[in-house]
There are 2 protein chains.
Amino acid sequence: MDRRDIFPRSLQYLIAIAEYGSYTRAAEALHVSQPTLSQQIKQLEEYLQSPLLDRSGRTVQLTDAGKIFLRHARRAWGELNIGTRAIQDVQDLSRGSLRLGWTPITDYLTCDLLSRYNRMYPGITLSTLDMPQDDIEPAISEARIDIGITFSKPLDSEENSSHTETFTLFEEALYLAVGETHPRRIRKRKRITAQDFGKESLVQLNTDFALRHHIDRYCHDCGIEPRNVIETNSLTVIIEMVELGSLATVLPSTIINTQDGLYPIAVVPELPHHTVSMIWHKSGYKSPACLAFLELASSWSANMLQEKRLG
Amino acid sequence: MDRRDIFPRSLQYLIAIAEYGSYTRAAEALHVSQPTLSQQIKQLEEYLQSPLLDRSGRTVQLTDAGKIFLRHARRAWGELNIGTRAIQDVQDLSRGSLRLGWTPITDYLTCDLLSRYNRMYPGITLSTLDMPQDDIEPAISEARIDIGITFSKPLDSEENSSHTETFTLFEEALYLAVGETHPRRIRKRKRITAQDFGKESLVQLNTDFALRHHIDRYCHDCGIEPRNVIETNSLTVIIEMVELGSLATVLPSTIINTQDGLYPIAVVPELPHHTVSMIWHKSGYKSPACLAFLELASSWSANMLQEKRLG
DNA sequence: GTCTGTCCATAGCTAATCCCTATGAGTTTG
DNA sequence: CAAACTCATAGGGATTAGCTATGGACAGAC
């Protein structure tokens, strides 16, 4: 009741008076005194330098100017009401937007999460940006994206940046991936040594991607030189090439298992594990859409862990 | 400068901050202090129960809710600006409307005035209503017309109604009007007696019209019985019939002189003079369009008197 | 690391404003 | 003419917007 309205009182009063055709009646409806209306209308007329109401007769009539102005005042009032309502929509997640940044790798791993989110909040406009891993954190700092999804070695438990927070969604192992007709597939080898791995012709992500750096370091640590036949920034290209048969690559197990034509082969010593994590700005405003995503992702992650334990 | 704006300050401030991306910059532009903006935005956010601006980063950013609300706020602000401008337009007489009520007689006499008005204020929508003389005053009282133009005997100097004011535009004498081939025209008679007038076959306005009543009274006073062959409520019909030759009528001199086929013949004793007057509501709002018409008519009237004296 | 400059937020005060009650002026009704 | 109704006006009290002065957070310079 005593909460102020955004809309200027004088305009509200004008609208009410026009509606009731009477100061007295309008004053009752608005729960203010009649002189208040007189005063406010007078001020409005002074501001507009034009009479709006004709009070000479028995009933209050709008002047030409009043009629014209009233139409615009009503529209303005309507706009603010709509705006107020629209904010509610944002809060109950029936509107809003969310910008995700991720790599081609995590794209494959979390599109299920994305589709769940979209089903749950169909009104939220989702935009995703594929970008190299290293671009994700700057993008968050510069607020170009709301949430990033990264694929990296397990973090040292502490944030590497003071501006961001992270949450581990799940852990993922890397395997050598081969196609249906690949020699190693034919020979039904389940695991190979690092030395054998070094002999494979590989199609790999280029050095823009952190995953590639991790693989290069693994090779360096094992004293092997990988044979990179093709480099690309497209995961689709990699998968297509591997499915053709003669080339191999290194991918997270989930991707390998969900692609019909790919088969995993373990490498000994084990290729490094990686975590898929969300990263977002620590301090600062998080939109309802953003908060909802973080929450959904958290429970989705818990579910996946449980399924893995049960399965 | 110190004149208040209609639009709520908080919304103006929001718009400015969004534009400049900074409280400080917006405050300078608006010539208020920066804490004022902080306070107002805070109140607006409390009212809407939703943050509108994200001040956590280096620059101020709009939140989802802020973006959506801002769009409506801008529209509302635009509407009020348009409304304010529209009122100026009304005052500039580039818009508005004027409703005139008059009789078929005064229609002929003052269409020059009407066309001058229209040339001067082309934005004003003019609507004219032909009506019997007696309907004009009620029409004014009931605000169906803004201004009436009457053709009647000089008023007894005082208003016959307490609700209306009048202004005499000019005075008009009545003459017998005949066509090119009328016997009296052939014999080049300049004046005739009332007795001869009584022998004429007349085409006249019907008794709805005050002019007709005045003529009837004249005849009664002179002890003659007019021979009304045709009665009509259309001045055009009267003029057409008279121009055919055998019939006569009684019309104001201006109409007779401006119609090529009509010729005036004076009657002795003189037919009553009449004044053409404007009549309007005394108390009550007069639109700019109405005031402009009254003013123009007044100077037009003065011009006519002067020309009559010179010519 | 500290220092500095630049943001925006907060506190407390002043001045403008909004709104009220009481009353007056002008019309229409009985 | 009086009664009942309309809106306008006057003056006082509570609310609010705005100011100055200051504090906390953050980025860049040294």
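1. Helix α6 (residues 133–141) of chain A lies across β3 (97–102), β5 (147–152), β6 and β13 of chain A, and runs at about 150 degrees to β5(A). Here helices (H or I, at least four residues) and strands (E, at least two) are DSSP runs numbered from the N terminus. Axes are lines fitted to C-alpha atoms, for helices over the stretch in contact, and angles run from 0 to 180 degrees between N-to-C directions. Residues are in contact if their C-beta atoms, placed from the backbone, lie within 7 Å.

2. This is a predicted model, in which local features need pLDDT of at least 70 and side-chain atom pairs count only at pLDDT 80 or more, while totals for chains, interfaces and linings use all residues. Residues are numbered from 1 along each chain as its sequence is written, and chains are lettered from A and ligands numbered from 1 in the order in which they are written.

3. The open sheet of chain A has five strands in the order β4-β3-β5-β13-β6, with mixed pairing; two strands pair if DSSP finds at least two bridges between them. β4 (125–130) and β6 (164–172) of chain A each have a single partner strand, so one side of each is left without a neighbour in the sheet. On average, neighbouring strands are turned by 20 degrees against each other, direction ignored.

4. F170(A) stands opposite V276(A) of β13(A).

5. In chain B, helices α5 (residues 104–120) and α12 (residues 288–310) pack at an angle of about 130 degrees, their axes 10 Å apart. The two helices α5(B) and α12(B) are therefore oblique to each other (angles under 35 degrees count as roughly parallel, over 145 as roughly antiparallel, 65 to 115 as roughly perpendicular and the rest as oblique). L113(B), R116(B), Y117(B) and M120(B) of α5(B) meet F293(B), L296(B), A297(B) and W300(B) of α12(B).

6. The contact between the chains takes 36 residues from chain B and 38 residues from chain A. On the chain B side, α3 (34–48) and α4 (64–91) each supply at least two residues, and α4(B) gives the largest share, 17 residues.

7. Chain B is superposed on chain A by a rotation of 178 degrees with 0.7 Å of shift along its axis (RMSD 1.1 Å), by least squares on the C-alpha atoms of residues with pLDDT of at least 70 in both. The two copies are thus related as by a two-fold rotation axis.

How values were computed: Contact = placed C-beta atoms within 7 Å.
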